[in-house]
Every structure is written in structure tokens, then in C-alpha cells.
Amino acid sequence: MSTHTTLKLAAGALLCLLPAFAGATTLAPATTAELVEASRRVCCARVESLEVRRDARTGFLFTPVELRLLEDLKGVSPSGVVSLRLAGGRLGNERTVVEGMPTFRKGEEVVLLLGKSNRDGFPTVTQARRGVLRIHRDRQGRRCLTGVSGIRECRESGATLDAFRDGVRRIVRE
């Protein structure tokens, strides 16, 4: 076999493998029970502040997020404040996006499903963006959740905060 043919075959093999390395991750819908059991804490909170900063040691952008606790559904917050440190953000003309990392807006209310703490001591969000459910009012004034497309029961039966809260409490009791 000539060197030229060998190079063509090697290049073809690499092209066939490329999609395996470049593909995005797709998560199958989880159940409420799976997400709650994977979380150390589940709580309702309101975003009080967020400000993108640059890590002095690494130069990477990160966003500290401070949330006021409204209600614990699983676990207990000793201080009434939930502090997150999320990778990425926008600082001036520079923007760092971390795929799957949740984002927040000041004043919004959310349900947080929180996992173990990261190396800096801040809680992580369970299954990245899937661990943040946004609370809003529907036309009837009910408090409903958005961001629930990854949770089977919420997609099938609608997603009121009351129903989700009851489901979490039932799971925690079992």
C-alpha cells in the first residue's frame, strides 16, 4: 500500500471518529425522585445579587450568586442565604459560556436542587441547568415552574409549585 493511500485511510478513520468527540450531551428526562435523591438540598429562593468577576489566580470568569432562602424542601440552610459560584459570565466585552451552566436574573424566584459542594465550598447545582426551576405566575395566579422539560412528571401533568413541593416532601418522607 502506498504512503498516499495510507494517509487517506488514516484521515478517513479520523473523520469517522470526530463526531464521537465533538457531540453534545443529551440527558434523558429524569423523574422528580431521581433528581431529589441526587440532591443534598432542595429549596425555593430569590436571586438577590450576582456580579461577574475574574478569578485572580486563573483569570477565568465566574459569577457569584447570592439567593435569599424562601423555603427548604429538603435539607436545611443555617443562614437563610444560598451562595453559589458558577463558572462563566460576561465582563465588559468578554464572555465565557459553560455549556449546561445555569444562569440567573436578579429578583427571580427559583427552585434549586443542590448537590455536594465544589472544591471552593460552594454547593453545586444538580445535573447543571436541570437543577434550576424558575417560578412564575400563570394566568390563574398559580405559582408554576418553568425549566421542567427534563422532569417527566412535570411535563406530563403541568408544573405547579404546590404539586412539585408535595412531590418532594413525599419523596423525602419515603
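Q: Is Glu48 buried, partly exposed or exposed?
A: The model is a predicted one. Glu48 is partly exposed because its relative accessible area is 29%, a value between the cut-offs of 20% and 50%. Arg68, with a relative accessible area of 43%, is likewise read as partly exposed.

Q: What joins the side chains of Glu48 and Arg68?
A: Side chains of opposite charge can pair when their charged atoms come close. Here, Glu48 and Arg68 meet in a salt bridge with an N to O distance of 3.9 Å. The pair links distant parts of the chain, with Glu48 in strand E1 (residues 41-50) and Arg68 in strand E3 (residues 61-74), 20 residues apart.

Q: How many salt bridges does the structure hold?
A: The structure holds 13 salt bridges. One of them is formed by the side chains of Arg54 and Glu94, at 2.7 Å from N to O. This pair also links distant parts of the chain: Arg54 belongs to strand E2 (residues 53-54) and Glu94 to strand E6 (residues 94-96), 40 residues apart. Arg54 is partly exposed at a relative accessible area of 40%, and Glu94 counts as partly exposed at 34%.

Q: Which parts of the chain does the pair of Glu71 and Arg165 tie together?
A: The side chains of Glu71 and Arg165 form a salt bridge of 3.0 Å, N to O. Glu71 lies in strand E3 and Arg165 in helix H4 (residues 161-173), so the bridge ties together parts that are 94 residues apart in sequence. Salt bridges with shared partners join Glu71, Asp162, Arg165 and Arg169 into one network. Arg165 is buried, with a relative accessible area of 13%.

Q: Where do charged groups sit over aromatic rings, as at Phe62 and Phe104?
A: The charged end of Arg85 sits over the ring of Phe62, 3.7 Å from its centre. Arg134 lies over the face of Phe104, at 5.7 Å from the ring centre.

Q: How many aromatic pairs does the structure hold?
A: A pair of aromatic rings is described by the distance of the centres and the angle of the planes. In this structure there are zero aromatic pairs.

Q: Which residues of strand E4 lie on its covered face, and which on the uncovered one?
A: In strand E4 (residues 81-87), Val82, Leu84 and Leu86 make up the covered face, whereas Val81, Ser83, Arg85 and Ala87 make up the uncovered one. Strand E4 runs antiparallel to E3, and seven bridges join the two. Leu84 in E4 is the bridge partner of Val65. In the hairpin of E3 and E4, six residues lie between the strands, and Gly75 takes a positive phi near 80 degrees.

Q: Which residues is Glu109 in contact with, leaving aside its neighbours within four places in sequence?
A: Glu109 is placed in strand E7 (residues 109-117). Leaving aside neighbours within four places in sequence, its contacts are Ala45, Arg46, Leu70, Leu133, Arg134, Ile135 and Arg143. A polar contact of 2.9 Å joins the side chains of Glu109 and Arg143.

Q: Is Asp138 buried or exposed?
A: Asp138 counts as buried because its relative accessibility is 17%, under the cut-off of 20%. Asp138 is found in the loop between strand E9 (132-137) and strand E10 (143-146). A polar atom of the Asp138 side chain lies 3.0 Å from the backbone nitrogen of Gln140.

Note on methods: Residues numbered from 1 in each chain as written. Predicted model: local features only at pLDDT ≥ 70, side-chain atom pairs only at ≥ 80, totals over all residues. Heavy atoms only, no water. Phe/Tyr/Trp six-rings, centres within 6.5 Å; stacked < 30°, edge-to-face > 60°. Lys NZ or Arg CZ within 6 Å of the ring centre and 35° of its normal. Salt bridge = Lys/Arg side-chain N within 4 Å of Asp/Glu carboxyl O. Helix = DSSP H or I, 4+ residues; strand = E, 2+ residues; numbered from the N terminus. Buried < 20%, exposed > 50% of the residue type's maximum accessible area, 1.4 Å probe, protein only. Polar contact = N/O pair within 3.5 Å; in protein donor to acceptor, adjacent residues only side chain to side chain. Contact = heavy atoms within 4.5 Å. Pairing = 2+ DSSP bridges.
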